[in-house]
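Please look through the sequence and the model below before reading on. The paragraphs that follow lead from aromatic rings to a helix and then to a pocket.

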Amino acid sequence: MQSLCLKPPNISPPAETIASNQDLLTPVLLCIPARSLLRFKCVCKNWFALISNPKFCDIHTSKNPYPNVSAFFFHTAIHDFYFISIPNNENQSGSLLKPPRIIEHPPRIKILQSCNGLLLCCSLREITNTSCTPRRYFVLNPTTNKCSAITNSPYATKSTSILGVALAFDPSKSLHYKVLCIRCIAGSVISFQIEIYSSETRNWTLRESTFLRPFHIDFSHGVYFNGAINWISRTSRVLHYNIDEENHGMVSRPPSYNVFRKREYRYFGESRGHLHLIEIYRPCVTQFDVMEMGRDYSGWFVKYHVDLDPIAAAFPEMVPEHNLDDPSKEETWYYAFVVLFLAREVNKEGSSLLLHIPCKVISYNLRDKSFEKACELTSKGTESKRSLQVGWRDAYHYMETLACV
């Protein structure tokens, strides 16, 4: 039977044989990044059928569980996002994109979390004089532009209210994801209702858990690490709930915590199985430690030391002009930078911080403290530059994956 693939001109016989033989072609395509594979669907009908096959997508996801971060989504308005490609791509970097077509209805959405290539999103309530549209939740794969709506939990009651919703997805362990919903129970400060949604069964299960809620815990920002959803408090205590083992625990403050110094945490996130925390103490806001959590939750330890003074010297826009009005008060200076993501690499020498400073994204090597400009933020179709007014909580990293939702 003649191959459906169009024969390219001047192609060598061995290459033509591989291109038309699925058994030979599959191992080759499994090594190709996800976005490139989507473009390869246009080569021929055979390639389209192979790459679209859910079994192929599952195998590709299993073989590439932790792709590199290649872009970020930013909330810039109720309806729109910035999509910034890393490294710079003149067709996408800094361009204002509308939400994917798959989720235009409902149009008003918010990204809640990014987890190994998938995004947890929710609709924003539409409030009128006569009604209030209930919030809906979605899991979106922005690479394939596929979206799955999470069914409403049958365990929601008028006596409970949602504290937070979080996504758990680790393709190195399972191709299925879970969504955790934690609710407070009216009249109780220690009883919580935990509900788990499974993409494998498409059903919710109810789990009841009782524990003392830490003061100022932030349930709106859950981070998946080590089989558990982790939340942090304003005092840097970490609460974790293991989804499979159905247990919880509390980790005390980092050893460097000082209640008498002005402090803020600038980053709390996971990369390649490592949970990181960045706290900044004044007046040395450009010099700080990156802490890592022990996998057994034994506590925080210092993993890296960061010095951003050379970056501030190389990019003066990082120091706003109003700081210079009174040089004698340097300890109160504001430095314009946001930690977007800490990227751990298989090659430890390649681990880096991605920083947003006005009109630029900087990559800072955590080992040798070198840095380079990763991309310039330029509005699409113009030469004007725009600085994103965002915090680290507004940035959601993007990783290419064919994971099915």
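**Rings, a helix and a pocket**

A search of the whole structure finds eight aromatic pairs, where rings of Phe, Tyr and Trp (its six-membered ring) pair if their centres lie within 6.5 Å, and where planes under 30 degrees apart count as stacked, over 60 as edge-to-face and the rest as tilted. The pair of tyrosine 197 and tryptophan 204 is tilted, because the ring centres are 5.4 Å apart and the planes stand at 55°. Tyrosine 197 and tryptophan 204 are both buried, a word used for residues under 20% relative accessible area, with exposed meaning over 50% and partly exposed in between (1.4 Å probe, protein chains only).

This is a predicted model, in which local features need pLDDT of at least 70 and side-chain atom pairs count only at pLDDT 80 or more, while totals for chains, interfaces and linings use all residues. Residues are numbered from 1 along each chain as its sequence is written, and side-chain values use heavy atoms, with hydrogens and water left out.

The rings of phenylalanine 288 and phenylalanine 337 have centres 6.4 Å apart and planes at 5°, so this pair is stacked. Phenylalanine 288 belongs to strand β18 (residues 287-293), whereas phenylalanine 337 sits in the loop between α6 (309-314) and β20 (338-343), so the pair ties together parts that are 49 residues apart in sequence; helices (H or I, at least four residues) and strands (E, at least two) are DSSP runs, numbered from the N terminus. Phenylalanine 288 is buried, with a relative accessible area of 3%, and phenylalanine 337 also counts as buried at 3%.

In helix α4 (residues 45-52), the buried residues are Trp47, Leu50 and Ile51. Seen down the axis of α4, these buried residues fall within an arc of 90°, so they line one face of the helix, the arc being that of the directions from the helix axis to the C-beta atoms.

The lining of the largest pocket divides into 15 nonpolar, nine polar and seven charged residues, where Ala, Val, Leu, Ile, Met, Phe, Trp, Tyr, Cys and Pro count as nonpolar, Asp, Glu, Lys and Arg as charged, and the others, Gly among them, as polar. Strand β8 gives the most to this lining, with six residues.
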